[in-house]
Amino acid sequence: MADAEITRNGEARAWQRMLSGRRLDLINPSPLDVEISDIAHGLARVARWNGQTKGEYAYSVAQHSLLVEQIYRRLNHSATAEEKQLALLHDAPEYVIGDMISPFKAVMGGSYEIIEKRLEDAIRIRFGLPTELTKKTIKQLKHADRIAAFFEATRLAGFSKEEAIRYFGEPDAIKPEGLDLVPRPTPQIEGAFLARFNAIEQERKQ
């Protein structure tokens, strides 16, 4: 359940009650109200491509996030555990604001981008990740994301290869073999996302 209010000093708040019991302010989120269980639960239930994908199940943002992290590791063999976690959580704000397709996001512009950035910062702070990334890391993350989008587009969303190349570029050095591109049941993906997050966290502690 979500509700909105105006504080005494005139600031707007939009509260979302999470299954963990937290109340997350979507406009000014606190890292203290971010829980990985809520993120995994939410992302596993948000459909990529507005649900316009083949298969018995929706292809979720959680499954996309796992794919991007998998591709990121293939592209960057010396990737640190921190970088892997950044890749896994690259779309984490969507657990409460949903997955908006890029053309519509571009039209929405300012306000959406501000809210998305605040959520992204709160999530990264909560898990001890940097809020500002190097240009190299940003480029690597975007590269992995675009490769994932290309394979999703051609394997799941009905794009021709030529159309996908026009929007996402042609993948280089990455083949689809071994990539998880079969939409899977929500509980299975939620569990896989949590398991991968925890595995990376253990790696970060070593």
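Start by selecting Arg204 and Glu201: their side chains form a salt bridge, 2.9 Å from N to O. A salt bridge here is a side-chain nitrogen of Lys or Arg within 4 Å of a carboxyl oxygen of Asp or Glu. Both residues sit in helix H9, 3 residues apart, about one turn of the helix. Helices are DSSP runs (H or I, at least four residues), numbered from the N terminus. Arg204 is partly exposed at 26% relative accessible area, while Glu201 is buried at 17%. Buried means under 20% relative accessible area, exposed over 50%, and partly exposed in between (1.4 Å probe, protein chains only).

A note on the model. It is predicted: local features need pLDDT of at least 70, side-chain atom pairs count only at pLDDT 80 or more, and totals for chains, interfaces and linings use all residues. Residues are numbered from 1 along each chain as its sequence is written, and side-chain values use heavy atoms, with hydrogens and water left out.

Stay in helix H9 (residues 186-205) and pick Glu190. Its side chain meets Arg45 in a salt bridge of 2.8 Å, N to O. This pair links distant parts of the chain, 145 residues apart. Arg45 lies in the loop between helix H1 (36-43) and helix H2 (61-75). Arg45 is partly exposed at 43%; Glu190 is buried at 16%.

Next, go to helix H6 (residues 110-126) and show Glu120 with Arg124, 4 residues apart, about one helical turn. Their closest N and O atoms are 3.4 Å apart, in a salt bridge. Arg124 is buried, at 10%.

Note on methods:
Helices (H or I, at least four residues) and strands (E, at least two) are DSSP runs, numbered from the N terminus.
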